[in-house]
Amino acid sequence: MSAEIINLRQFRKKQARSEKEKQAEQNRISFGRTKAEKQLTRTLNEKADKAHRDGRIETDDDGA
C-alpha cells in the first residue's frame with residue numbers, strides 16, 4: 001500500500017500548460033484563420049485592386 005508520489009511543481013506546470021493550451025484552442029476557434037485563408041483573402045484583394053486600376057479612365061487632368 002503505497003501512494004503514488006507526485007511532484008507538485010511539475011504538476012502545477014503541467015496544469016498551467018494544459019490551461020494555456022485550452023485557451024489557445026479557444027482563441028484559434030474564435031479568431032484564427034489558417035494561412036491559406038489569409039493568402040486567399042490577400043490574393044483576392046490584390047486582384048480587385050488591379051481590376052480597379054485597370055478599369056480607370058485616364059483624363060488629361062491626371063498625371064500632369
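Me: A salt bridge here is a side-chain nitrogen of Lys or Arg within 4 Å of a carboxyl oxygen of Asp or Glu. What is the N to O distance in the salt bridge of Asp 54 and Lys 50?

Reply: In this predicted model, the side chains of Asp 54 and Lys 50 meet at 2.9 Å, N to O. Because the cut-off is 4 Å, that distance qualifies as a salt bridge.

Me: Where do Asp 54 and Lys 50 lie?

Reply: They are both in helix H2, four residues apart, which is about one turn of the helix. As a rule, an α-helix has 3.6 residues a turn, so residues three or four places apart point the same way.

Me: Is Asp 54 buried or exposed? And which class does Lys 50 fall into?

Reply: Asp 54 has a relative accessible area of 56%, so it is exposed. Lys 50, at 46% relative accessibility, counts as partly exposed.

Me: How many salt bridges does the count come to?

Reply: The count comes to four salt bridges by this rule. One of them joins the side chains of Asp 49 and Arg 53, at 3.4 Å from N to O.

Me: Where do Asp 49 and Arg 53 lie?

Reply: Helix H2, which covers residues 35–54, holds both Asp 49 and Arg 53; they are four residues apart, about one turn of the helix. Arg 53 is exposed, with a relative accessible area of 53%, whereas Asp 49 is partly exposed at 39%.

Me: Which residues are linked in a network of salt bridges?

Reply: The network links Glu 21, Glu 25 and Arg 28.

Me: What span should H1 have, and what is the distance between its end C-alpha atoms?

Reply: Helix H1 has 24 residues, and at 1.5 Å a residue they should span 34 Å; the end C-alpha atoms are 34 Å apart, so the two values agree.

Me: What happens at the start of H1?

Reply: A side-chain oxygen of Asn 7 reaches to within 3.0 Å of the backbone nitrogen of Arg 9 there.

Me: Which residues make the nonpolar surface patch?

Reply: Ile 6, Leu 8 and Phe 11 make it, and the patch has an area of about 310 Å². Ile 6 is placed in the segment before helix H1, which runs 8–31. Its relative accessibility is 53%, so Ile 6 counts as exposed.

Me: On to the overall fold. How many helices and strands are there in the protein?

Reply: The protein has two helices and zero strands. Its radius of gyration is 27 Å, well over the 11 Å that the globule rule gives for 64 residues, so the protein is more spread out than a compact globule.

Me: What box do the C-alpha atoms fill?

Reply: Along the principal axes, the box is roughly 95 × 20 × 15 Å.

Me: What percentage of the 64 residues count as buried?

Reply: The figure is 0% of the 64 residues. The protein exposes about 6,900 Å², of which carbon and sulfur atoms supply 53%.

Me: How far apart are Gln 15 and Arg 53 in sequence and in space?

Reply: Gln 15 and Arg 53 are 38 residues apart in sequence, with their C-alpha atoms 54 Å apart in space. Gln 15 is found in helix H1 and counts as partly exposed, at 43% relative accessibility.

Me: And how far apart are Ala 16 and Phe 31?

Reply: They are 15 residues apart in sequence and 22 Å apart in space, C-alpha to C-alpha. Ala 16 lies in helix H1 and is partly exposed, with a relative accessible area of 43%.

Key: Residues numbered from 1 in each chain as written. Predicted model: local features only at pLDDT ≥ 70, side-chain atom pairs only at ≥ 80, totals over all residues. Heavy atoms only, no water. Patch = residues over 30% accessible without salt bridge, like charges linked within 9 Å, V, L, I, M, F, W, Y side chains within 5 Å. Areas by Shrake-Rupley, 256 points an atom, 1.4 Å probe, with all protein chains shown as cover. Buried < 20%, exposed > 50% of the residue type's maximum accessible area, 1.4 Å probe, protein only. Expected span 1.5 Å × (residues − 1). Polar contact = N/O pair within 3.5 Å; in protein donor to acceptor, adjacent residues only side chain to side chain. Rg over C-alpha atoms; globule rule 2.2 N^0.38 Å.
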